[in-house]
Amino acid sequence: MDKIDALSELATQKRDTEWRQVLRHLKRNRLAMIGMVVLVIFLLGAIFAPLLAPHDPFQTDFGRALELPSRDHLLGTDWLGRDVLSRILYGSRISLAIGLISVSIGLLIGLPIGALSGYYGGKFDLLTQRFIDVLIAFPGILLAIVIVTILGVGVENVMIAVGIASVPIYTRLVRGSVLAAKEQDYITAAKSLGIGDVRIILFHILPNCLGPIIVQSTFHIATAILWAAGLGFLGLGAQPPAPEWGTMLSKGREYMRTAHHLTTYPGLAILFMVLGFNLLGDGLRDALDPRSRKFR
Amino acid sequence: MYGYVIRRLLLAVPVLIGVSILVFAMVRFIPGDPARAIAGVHASPEFIEQVRREMLLDEPLHIQYYVYMTNLLRGNLGHSTFTRRPVSVELLERFPNTVMLTLAAMFVAIIVGLSAGIISATKRYSVFDNASMLVALVGVAAPVFWLGVMFQLLFSVQLGWLPSGGMGTARHIILPALTLGLATAALIARITRSSMLEVLRQDYITTARSKGLVERVVIYKHALKNAMIPVVTVIGLQFGTLLGGAVLTETVFSWPGIGRLMVDSILSRDYPVVQGAVLMIAVLFVLINLIVDVIYAFLDPRISYGTKGGE
């Protein structure tokens, strides 16, 4: 037992230096760093929205409705005279929260199912995999739409819907990683020493599957943000007056001919946030997978 | 080989049954009284009772499912609570439009993505390469509905070249297909580029060049064929993304397809139509995957037909 723990300790130390290497590779990747900077800007904008926003995002002013961008309203005003910049700043809170929380929900459900399914195999594996096959039959945003139809509209339900819709991705990913890891010698060694299954999965297998999970999660936050904005655009997501970007864009479309800033800027906000996560994900993938570094 | 095709067909059956169970369960999961939800907010008590009887909501679930499934196999998907027309008729009217849009978008994606990817790979680090890879990054990140609106602004409102929505002439499909296809084009361009670069480093390409073959022949005859394998995989996988994206694109361009019908029906709580539309998209997706897998097996003989599932 002590020996295995010592070996594990050694593996952990090795992992530490590996992570340091990954970080070094990441720092050298210019695009990934650009993505990081974009995300930090959004994060700061979300945290300090009350300080940074020039106006109250909910304050209506009918006298100044549909104004084009000016010095007073840098990104113009909407149909109720609300400041678009302030609403976009507050909106980054909603989008970041949806991205992070729905990915956490997906991980929380998908990770244990995938790990158990891969580790034990057998009937449990067969059953869960066939169930996941059914969920995967609903392409892209459709599964999230189905779940929102059942639960009803609103930000919380969007998080749950997008979270559940991402469960298949994590289950498959974790299952695959666990299948590969469990054949390794150190797992056989741990098993023969009588270490419990839960302990093996938690402390010996999962830490070695972290790389792909982190990469996938980074990409999936981007997808979650796109899906949530799509639901908002369809009228199935956050409801007015919430300053959710997709919802803002959908309503702003009615004023497309006279006030295109109502569609342009919320869309750009979504684009940059998604781009940030994608660039970071690309960088993490390249840093974690030495084979993909060559062909950049 | 044929064994693989048959096995793959058989594997689709439980998935289709599962899809039907999920769609069947969908309205029954809605909190509150499903009969009231289906009949609509302003329905009379008599009508709610009628819905309850029609859907056998007082019977046990397995009986309900049995009846639902028997009806389904006869092509009976119930009636729209809004128009009172059969759901199957509503769906079949719109089905060709969604298929047309998806195929047109895939056509755009393949043409644009492949050519950009090949040129980028052969002229690596050139201005074209850098520019198209930047466009590809943005294309993947841009929300499809925002792209649609921006295209409308530019090509319909500002320039007046193309109609901003609806269906009718061939010109109506250009903007929706471009909108829906762009993200997939971006992805195909990126995959084609990296796959080409990988193939171009192989020894047999060096051999072909040292034989004195013209560069054009080396690239289009020798390299492209092998570089295509991962690209074909991505194209197959992207059909799902396109079908999902069609829901949004159809809404932006008032394109009378199944996606838009579904969203309208969700908003008006016309659940029989929602169920039918969801079922139809999912079944279509399962069938497309089946076809792609079979085509892929023909293209790449290395696929292991012997193992189950081919994972």
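1. Confidence overall. The structure is a predicted model, and its scores are ipTM 0.88 and pTM 0.89. For chain B the mean pLDDT is 87, with 95% of the residues scoring at least 70. Among the elements of that chain, the lowest mean pLDDT, 78, belongs to helix α2 (residues 34-39) of chain B, while the highest, 94, belongs to helix α5 (residues 87-122) of chain B.

2. A stretch to read with caution. Over residues 306-311 of chain B the pLDDT stays under 50, and the model has three contacts beyond four places in sequence for this stretch. Where pLDDT is low, the predicted coordinates should not be read in detail.

3. Make-up of chain A. Chain A has 12 helices and zero strands, and its C-alpha atoms fill a box of roughly 75 × 45 × 35 Å when taken along the principal axes. Of the 296 residues in chain A, 48% are buried. If one considers the contacts in chain A between residues at least 6 apart in sequence, 69% of them join residues at least 24 apart.

4. The interface between the chains. On the side of chain A, 32 residues are in contact with 40 residues of chain B. The elements of chain A that give two or more residues to this side are α5 (122-136), α6 (142-151), α10 (197-233) and α12 (261-288), and α12(A) gives the most, with seven residues. Sorted by class, the side of chain A that touches chain B has 20 nonpolar, eight polar and four charged residues.

5. The nonpolar core. The largest nonpolar core has 159 residues, and those that touch the most other members are A144(A), V158(A), V162(A), I225(A), A277(B), V278(B) and I281(B). Helix α10(A) gives the most to this core, with 16 residues. Leaving aside residues up to four places away in sequence, A144(A) touches A161(A), V162(A), A165(A), W227(A) and L231(A). As general background, nonpolar side chains tend to be buried together in soluble globular proteins.

6. A helix pair in chain B. The axes of helix α9 (residues 203-210) of chain B and helix α10 (residues 215-252) of chain B come within 11 Å and cross at roughly 150°, and the crossing of α9(B) past α10(B) is right-handed. On the α9(B) side the contact is made by Y204(B), I205(B), A208(B) and R209(B), and on the α10(B) side by V218(B), H222(B) and A223(B). By class, this contact has five nonpolar, one polar and one charged residues.

7. Y2(B) counts as exposed because 7 other C-beta atoms lie within 10 Å, and a residue is called exposed at 12 or fewer. V232(B), which lies in helix α10 of chain B, has its C-alpha atom separated by 8.9 Å from that of V292(B), 60 residues away along the chain. With 15 other C-beta atoms within 10 Å, V232(B) is partly exposed, since that class lies between the limit of 12 or fewer for exposed residues and the limit of 20 or more for buried ones.

8. Backbone features to check. In chain A, P240(A) and P241(A) are joined by a cis peptide bond with omega of about 10°, and P241(A) is found in the loop between α10 and α11 (245-252) of chain A. In chain B, R84(B) has a phi near 65°, a positive value in a residue other than glycine; R84(B) is placed in the loop between α4 (61-73) and α5 of chain B, and with 7 C-beta neighbours inside 10 Å it counts as exposed. A positive phi, near 55°, is also found for R269(B), a residue other than glycine, in the loop between α11 (258-267) and α12 (271-299) of chain B. R269(B) is partly exposed, having 17 other C-beta atoms within 10 Å.

Technical notes:
Residues numbered from 1 in each chain as written. Chains lettered and ligands numbered in written order. Predicted model: local features only at pLDDT ≥ 70, side-chain atom pairs only at ≥ 80, totals over all residues. Contact = placed C-beta atoms within 7 Å. Helix = DSSP H or I, 4+ residues; strand = E, 2+ residues; numbered from the N terminus. Nonpolar A, V, L, I, M, F, W, Y, C, P; charged D, E, K, R; others polar. Axes fitted to C-alpha atoms, helices over the stretch in contact; angles between N-to-C directions. Left-handed = near helix turned anticlockwise from the far one by under 90°. pLDDT = per-residue confidence, 0-100. Core = buried A, V, L, I, M, F, W, Y, C linked by C-beta atoms within 7 Å.
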